[in-house]
Amino acid sequence: ARLAGRRIRKKNSLMHQKFSSYISFGYQPTACLGCFFTLYALVLVCIFPMLQTTPNEIPQGPLEGAHLPGVKNERLAEAASNLRSSASKLRSQFKKWREGSGVTDRSLLHEAAADFAILRGKRHSENAALKIPQKGSDAAIKTPGLIMLGMHRSGTSMLSGLLVKGFGYSVGGPLIGAAFDNEKGFFERVDVVLQNDEFMKSQGIWWGSRVKHYDASKAYENYKSGKINFSEGAKGLEFLNDDKNAPWLQKDPRMCITLKTWLKILDKSPAIVFTYRHPMEVAMSLNKREKDFPIESGLRLWILYNMAAIKNSAGLCRVFTSNDTVLAKPLHETQRIADDLTKKCNLPPGPKRITQVQVHVFMDPNLQHNKKEMQEEKNERILETIKEGCYIREYHSEFEEGSASYERERFLYKTAMTIFCDFESGEAYKDNYQWPELPKGFAKSYDS
């Protein structure tokens, strides 16, 4: 009975126990909690300024509107400088990696596409400003763009850059970036370049070999039947067939060879700008860029590319110029070209007008790497007179004078110079011009 009474009293005691008894603390727990809340309050006080931005500390540029800590402008400038430095190192490494390799490596597409995606949003408003106001339907535009034709290393990049920068012709993108052999950029769409490589590769042709054997009709039939991969070309074609991009400019020296294939795919015929450069300058430039590319092969390619450019563009509205003329008077010559494209070829005018400042900023005489050597060569003795005012002068050859290799090189130089002089006089642009036949077996290492 006594035990039962104790249990009842204990039960009653627990029922009447106050909740406050559960939260009573001793000295040590109370001290720990006090320290914790004190430290917590100090942390809040320290980070409170970081949760706000003042008008003078609002980040600008691509970070505008982001919620960032209120750092000093000096720190932002330092961070931006570090980023630029890192980007510069990456570009330098990429530039060294590209030296000696072809500009049509497929990895370039991924590099350029990534850059293009980043810049697309930033340049959207700028590109929109370059659009030509359309009156009526798109069918009102007869000639939506121009194709730049000319042999490799003939100044097509320089001329394209002046037209794009100076007059606002649209090129779209992604583009092949600047390189050691072309510091101002190529102004070539990566997708179109890769597609031209695909057209050529399907016929066992390379830009520097067997170009004489390219069959434009066969390439077009393979395109229609789906036998050839046109995934890259489809991207460029979408841009070129959209009149909203007029006036556009398409540049790739391979177009001299593949032009007739593209003409069958394009919705409307483009205008043509053709330019040429002294054949020995081109051959020397290729010899330097491609690591011992034979002078003989460079001269042969000069003949084949320029001949293909003129033949394949017959019937189109064409504007002719030369690298020497552009170098001598770039402002006047580019204005003449743009005016002829509009008045003669019905190309919509560009939204801008080139200025002398733009010419000065863009053009660099040092980019014409072999011009000085060729000017010095003009003082050399004349080896042969082709026609009045047209000569073959003495030049440096790797072959011994009188050898079979020297005679082949000399023959190609004479043939190329004959065409060059006919370009200068305008004779080579006539429909009945007689192009030379090149003997087989020349330039065996780069059989064209």
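Trainee: Over how many bridges do β1 and β3 pair in the parallel sense?

Mentor: This is a predicted model, in which local features need pLDDT of at least 70 and side-chain atom pairs count only at pLDDT 80 or more, while totals for chains, interfaces and linings use all residues. Residues are numbered from 1 along each chain as its sequence is written, and side-chain values use heavy atoms, with hydrogens and water left out. Helices (H or I, at least four residues) and strands (E, at least two) are DSSP runs numbered from the N terminus, and two strands pair if DSSP finds at least two bridges between them. With methionine 148 having valine 273 in β3 as its bridge partner, the number of bridges over which β1 and β3 pair is four.

Trainee: Which residue of β4 is the bridge partner of valine 273?

Mentor: Strand β3 (residues 271-274) pairs with β4 in the parallel sense over three bridges. Isoleucine 272 has arginine 318 as its bridge partner in β4, whereas the partner of valine 273 is valine 319.

Trainee: How are the axes of α9 and α11 oriented to each other?

Mentor: Helix α9 (residues 255-265) packs on helix α11 (residues 295-312) with the axes 7 Å apart and at an angle of about 25°. Angles under 35 degrees count as roughly parallel, over 145 as roughly antiparallel, 65 to 115 as roughly perpendicular and the rest as oblique. The angle therefore makes α9, relative to α11, roughly parallel.

Trainee: Which residues of α11 make the contact with α9?

Mentor: Contact means heavy atoms within 4.5 Å. From α9 come Cys256, Ile257, Leu259, Lys260 and Leu263, and from α11 come Tyr305, Ala308, Ala309 and Asn312.

Trainee: How many salt bridges does the count come to?

Mentor: A salt bridge is a side-chain nitrogen of Lys or Arg within 4 Å of a carboxyl oxygen of Asp or Glu. Asp197, Asp252 and Arg254 are linked in a network of such bridges, and the count comes to 18.

Trainee: How many residues apart in sequence are the parts that glutamate 188 and lysine 251 tie together?

Mentor: The two side chains meet in a salt bridge at 2.7 Å, N to O. Glutamate 188 is buried at 3% relative accessible area, and lysine 251 is buried at 2%. Glutamate 188 lies in the loop between α5 (156-167) and α6 (190-201) and lysine 251 in strand β2 (residues 248-251), so the parts are apart in sequence by 63 residues.

Trainee: What relative accessibility does glutamate 281 have?

Mentor: Glutamate 281 meets arginine 277 in a salt bridge (2.8 Å, N to O). Arginine 277 is buried with a relative accessible area of 6%, and glutamate 281 also counts as buried, at 3%.

Trainee: Which residues does serine 322 touch, not counting those up to four places away in sequence?

Mentor: Serine 322 sits in the loop between β4 and α12 (323-328), where it counts as buried at 4% relative accessibility. Beyond four places in sequence, serine 322 touches Thr275 and Tyr276.

Trainee: How far apart in space are glutamate 398 and proline 294?

Mentor: Glutamate 398 is found in the loop between β6 (390-393) and α16 (404-425), and it is exposed, with a relative accessible area of 63%. Although 104 residues separate glutamate 398 from proline 294 in sequence, their C-alpha to C-alpha distance is 9.4 Å.

Note on methods
Buried means under 20% relative accessible area, exposed over 50%, partly exposed in between (1.4 Å probe, protein chains only). Axes are lines fitted to C-alpha atoms, for helices over the stretch in contact, and angles run from 0 to 180 degrees between N-to-C directions.
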